[in-house]
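My notes follow in the order I looked things up.

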Amino acid sequence: MACEVPVIASDVDGFTETVEDGVTGFIIPRENTEAIADKLWQLYSDKELRAKMSTAGRQRVLRLYDWEENVKTMEQALLETAAQK
C-alpha cells in the first residue's frame, strides 16, 4: 500500500487489520487460488479500480503508519502501564 499498489492478501491476522477489503485491496480466503486469480483479473482489467485502491492504500499508510507518531504512542502506553504498577 505504501507504494500505491492494491493489495491481495489472505484472511490471516495482520492482513485483516491492515488491508481494507474492497478499499485498499482485497482479503481472500486462505488457500483459495480461484479467489486470487479472480481478484488479480479484476485489478488487471479495471484501471479505475486500481487507481482508486492505490490512492486509498497510500493515504491509509500515511494516516496510520507514521513512524514518529507510532513511537510516541508506544512510549506513552509504556509510561502509562509502568505508572499503574
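**Notes on a predicted model**

I began with helix α2 (residues 33-45): at 1.5 Å a residue its 13 residues should span 18 Å, and the end C-alpha atoms are 18 Å apart, so the two agree. The expected span here is 1.5 Å times one less than the number of residues. Helices (H or I, at least four residues) and strands (E, at least two) are DSSP runs, numbered from the N terminus.

Before going on, I noted that this is a predicted model, where local features need pLDDT of at least 70 and side-chain atom pairs count only at pLDDT 80 or more, while totals for chains, interfaces and linings use all residues. Residues are numbered from 1 along each chain as its sequence is written, and side-chain values use heavy atoms, with hydrogens and water left out.

**Start of α2**

I checked where the helix begins. There a side-chain oxygen of Asn32 comes within 3.2 Å of the backbone nitrogen of Glu34.

**Aromatic rings**

How many aromatic pairs does a search of the whole structure find? I got one. The ring centres of Trp41 and Tyr44 are 5.3 Å apart and the planes are at 40°, so I wrote the pair down as tilted. For the rule: rings of Phe, Tyr and Trp (its six-membered ring) pair if their centres lie within 6.5 Å, with planes under 30 degrees apart stacked, over 60 edge-to-face and the rest tilted.

Both Trp41 and Tyr44 sit in helix α2, three residues apart, about one turn of the helix. An α-helix has 3.6 residues a turn, so residues three or four places apart point the same way.

Buried or exposed? Trp41 has 57% relative accessibility and counts as exposed; Tyr44, at 61%, counts as exposed too. The cut-offs are under 20% relative accessible area for buried, over 50% for exposed, and partly exposed in between (1.4 Å probe, protein chains only).

**Ser54**

Next I looked at Ser54, in helix α3 (residues 47-64). With 11% relative accessibility, Ser54 counts as buried. Beyond neighbours within four places in sequence, Ser54 is in contact (heavy atoms within 4.5 Å) with Glu4, Val5 and Pro6.

**Whole chain**

Last, I stepped back. The chain has four helices and two strands, running β-α-β-α-α-α from the N terminus. Buried residues make up 21% of its 85 residues.

Note on methods
Polar contact = N/O pair within 3.5 Å; in protein donor to acceptor, adjacent residues only side chain to side chain.
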